[in-house]
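Please read them with the structure open.

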Amino acid sequence: MAAPIAEELAKKQQAISVAEFFEKNRQILGFDSAPRSLITTVKEAVDNSLDACEEAEILPDILLHIERVGKDNVSVIVEDNGPGIVKEQIPKVFAKLLYGSRFHALKQSRGQQGIGISASVLYAQLTSGHPTSVISKIGPDSPAHHYEVMINTSTNDPEILLDEVIDWDRPHGTRVELEMEASYVKGRRQSIYEYLKATAIVNPHARLTLIEPDGNEVIFDRATDKLPIPAKEILPHPHGIELGTLMKMLRYTDRQKLAPFLRYSFSKIGLLTAEEICKAAGLDTEMVPSELTRDQTKKLLDAFKKVKIMAPPTDCLSPIGEELIYKGLEKEFNVDFIATTTRSPSVFSGNPFVVEVGIAYGGGLQKDDRIDIMRFANRVPLLYQQGGCASTHAVEGIKWKQYGLNQPGGGMPSGPVVLLIHVASTNVPFTSESKDAIADIPEIRDEVELAIKEVSRKMNRYLNRQVSLKKRREKEIIITKVLPKMAQKLADTLERDLPDINPVVAKVMGNLLVMRNVEHGANGDAAVTIKVKNFGSKLTEFKLHDMLPYEISDVSPEPKVISMGSDFDYVWAMKVSPEGSKAITYSLSSMSEDEIKRLPQLIVEGLDEELVTGAKAIKGLI
């Protein structure tokens with residue numbers, strides 16, 4: 001009698017390892033084209049280096065060296081100054097998929113799944129046939145371990161081809177070298193250069209060095225020596241738990257009573273809250289957790305929604321901060337205006353998250369192109385699938401005309417703008433394993449939209465002010481062209497010296513007038529008086545700088561003195577009310593007439609140049 005067909009089919013059934021699955025479906029992880037495969041590999045390696053350095057409280061110094069090998073292959077070398085990896089863990093970290101330390105940790109981190117760098121090792125061995133070389137050292141007195149590894153895709157275990165101790169001049173750190181089929185491209189948004197530039201903006205504490213295939217070296221230097229505040233691990237929040245997960249937690253807990261299980265398994269549940277939850281679920285606080293039935297577990301889950309539970313703690317997040325976003329944008333872009341904001345933390349499905357946005361306008365940015373959107377998740381640039389990302393959808397949903405930008409067709413606005421959007425969370429909801437786009441979670445999209453509107457209002461105020469200043473500029477140009485001719489004619493008619501027209505210009509324009517008068521004494525000394533008068537209608541606050549190669553005496557009022565080698569910067573912080581005036585006096589010794597004529601121009605810090613007459617104006621810091 002022939003065996004039933006089911007038995008024949010059963011003989012063909014077999015388990016497959018996760019490595020085998022990704023071996024045949026590598027596009028899921030971002031290895032679907034030659035340029036993208038290289039970016040994915042570099043991203044995973046740099047992310048690991050940044051995470052390791054920050055956890056060890058080390059300022060990251062990362063070297064990326066890319067070389068062409070033959071016609072279609074490249075060699076990728078990533079070297080960092082991190083804490084290194086202990087010998088026993090090296091093969092597993094680099095040659096075992098779904099092996100890592102962050103998957104079960106509820107805190108903000110770049111890597112979450114334990115797939116990244118091992119997926120790159122898998123792609124490298126598939127396309128080049130070569131193993132991955134890893135060198136790691138955990139301290140100055142420890143040996144450097146050199147491994148060459150590959151992944152056994154049938155078992156998802158590392159295969160060690162070489163294990164040796166070598167001399168390495170670094171005190172600590174890790175170096176990984178892979179050869180793969182990939183291509184290095186320039187001049188497009190999805191490129192290694194643009195990825196590193198974006199990474200430098202949101203990680204201003206890191207120093208990144210790129211050596212390109214042609215030998216060109218690019219350094220993205222750090223903008224601060226301040227490390228990010230480390231994110232702390234938290235317990236899961238009740239609002240983010242699903243039924244199956246709760247049943248598993250109850251089944252395997254060591255707690256013998258329900259109330260302590262709730263208190264020590266979830267964040268923001270204390271003794272009273274635990275009792276309230278049990279009461280709302282109709283369950284005894286003394287029940288053994290592992291004995292709860294499915295129906296009882298369902299009642300417990302429903303009780304989580306009925307009882308008021310505080311939002312999860314936010315010290316599990318490490319946002320960049322407004323100041324460092326500003327510095328990052330300022331370092332990488334030549335622009336006229338920057339505004340930043342960090343929103344208050346919010347929650348989706350029990351997961352805390354925070355949204356940060358920076359906007360940069362003008363300068364060298366293209367006026368007629370679509371705005372440049374830079375998307376980030378947990379400090380990692382998102383270069384692909386822009387159209388499928390919640391951040392992009394939030395941008396498209398805003399009416400940009402009210403903020404001073406064109407929006408042809410009602411979609412993406414155009415103008416000289418860079419928009420930086422950063423979402424930080426313990427669990428960023430990516431649309432796929434390649435982590436290229438954030439899912440359209442309503443809570444996240446709403447927060448992104450509110451943050452964008454906040455910085456856009458600041459930009460709009462700046463643009464309106466620029467229009468007003470432009471009109472003032474045009475008016476002042478006309479006045480300064482007409483008045484000198486009138487003054488010259490009057491001086492010629494009356495046979496007198498040409499008068500100073502600055503006071504007249506300042507009065508007509510409603511400007512701040514700054515004048516320095518020097519009286520030369522018989523003994524060679526000079527008495528200097530600086531007069532400041534506010535012809536405007538508002539209180540004016542600013543700093544007045546007098547940069548001199550001389551020491552001054554008999555000063556009133558006393559300035560702050562900044563030594564600059566052989567020169568001195570005398571700084572007065574001033575407030576002048578409308579139609580008010582103030583005076584500064586000091587003496588200079590042994591001054592000739594020529595030296596008096598060569599005295600440098602006074603500088604007003606904190607005001608637009610269109611609002612100052614008689615001195616140089618600098619809006620920002622000197």
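**Notes on the sheet, the helices and some loop residues**

1. Helix α3 lies across β1 (61–69), β2 (73–80) and β6 (173–181), and runs at about 10° to β2. Contact here means heavy atoms within 4.5 Å. Axes are lines fitted to C-alpha atoms, for helices over the stretch in contact, and angles run from 0 to 180 degrees between N-to-C directions. Helices (H or I, at least four residues) and strands (E, at least two) are DSSP runs, numbered from the N terminus.

2. On the basis of the notes: this is a predicted model, in which local features need pLDDT of at least 70 and side-chain atom pairs count only at pLDDT 80 or more, while totals for chains, interfaces and linings use all residues. Residues are numbered from 1 along each chain as its sequence is written, and side-chain values use heavy atoms, with hydrogens and water left out.

3. The sheet is open and has eight strands in the order β5-β4-β3-β6-β2-β1-β7-β8, with mixed pairing. Because β5 (157–166) and β8 (217–220) stand at the edges with a single partner strand each, one side of each is left without a neighbour in the sheet. From one strand to the next the twist averages 15°. Two strands are taken as paired if DSSP finds at least two bridges between them.

4. Individual partners can be checked in the model: V69 with N73 in β2, H65 with I211 in β7, and L210 opposite V218 in β8.

5. The hairpin of β1 and β2 has three residues between the strands, and G70 in this hairpin takes a positive phi near 70°.

6. Helix α6 also lies on the sheet strands, across β1, β7 and β8, and runs at about 170° to β7. The axes of α3 (residues 34–55) and α6 (residues 192–202) come within 10 Å and cross at roughly 25°. That angle makes α3 roughly parallel to α6; the classes are roughly parallel under 35 degrees, roughly antiparallel over 145, roughly perpendicular from 65 to 115, and oblique for the rest. The crossing is right-handed; a crossing is right-handed if the near helix is turned clockwise from the far one by less than a right angle, and left-handed if anticlockwise.

7. What makes the contact between α3 and α6? From α3 it is L38, I39, V42, K43, V46, D47 and L50, and from α6 it is I192, Y195 and T199. By class these residues divide into seven nonpolar, one polar and two charged. Ala, Val, Leu, Ile, Met, Phe, Trp, Tyr, Cys and Pro count as nonpolar, Asp, Glu, Lys and Arg as charged, and the others, Gly among them, as polar.

8. I277, A280 and A281 of α9 meet K299, L300, A303, F304 and K306 of α10. This contact has six nonpolar, no polar and two charged residues.

9. Most residues other than glycine have a negative phi, and most peptide bonds are trans. E57, in the loop between α3 and β1, has a positive phi of about 60° although it is not a glycine. E57 is exposed, with a relative accessible area of 60% (buried is under 20%, exposed over 50%, partly exposed in between, with a 1.4 Å probe and protein chains only). Q385, in the loop between β13 (380–382) and α12, has a positive phi of about 55° and is likewise not a glycine; Q385 is partly exposed at 38%. The peptide bond from S556 to P557 is cis, with omega near -10°, and P557 sits in the loop between β18 (553–556) and β19 (560–564).

10. N406 is in the loop between α12 (390–396) and β14 (417–425) and counts as exposed at 57% relative accessibility. Not counting residues up to four places away in sequence, N406 touches P413 and S414. N406 and D368 are 38 residues apart in sequence and 9.4 Å apart in space, C-alpha to C-alpha.
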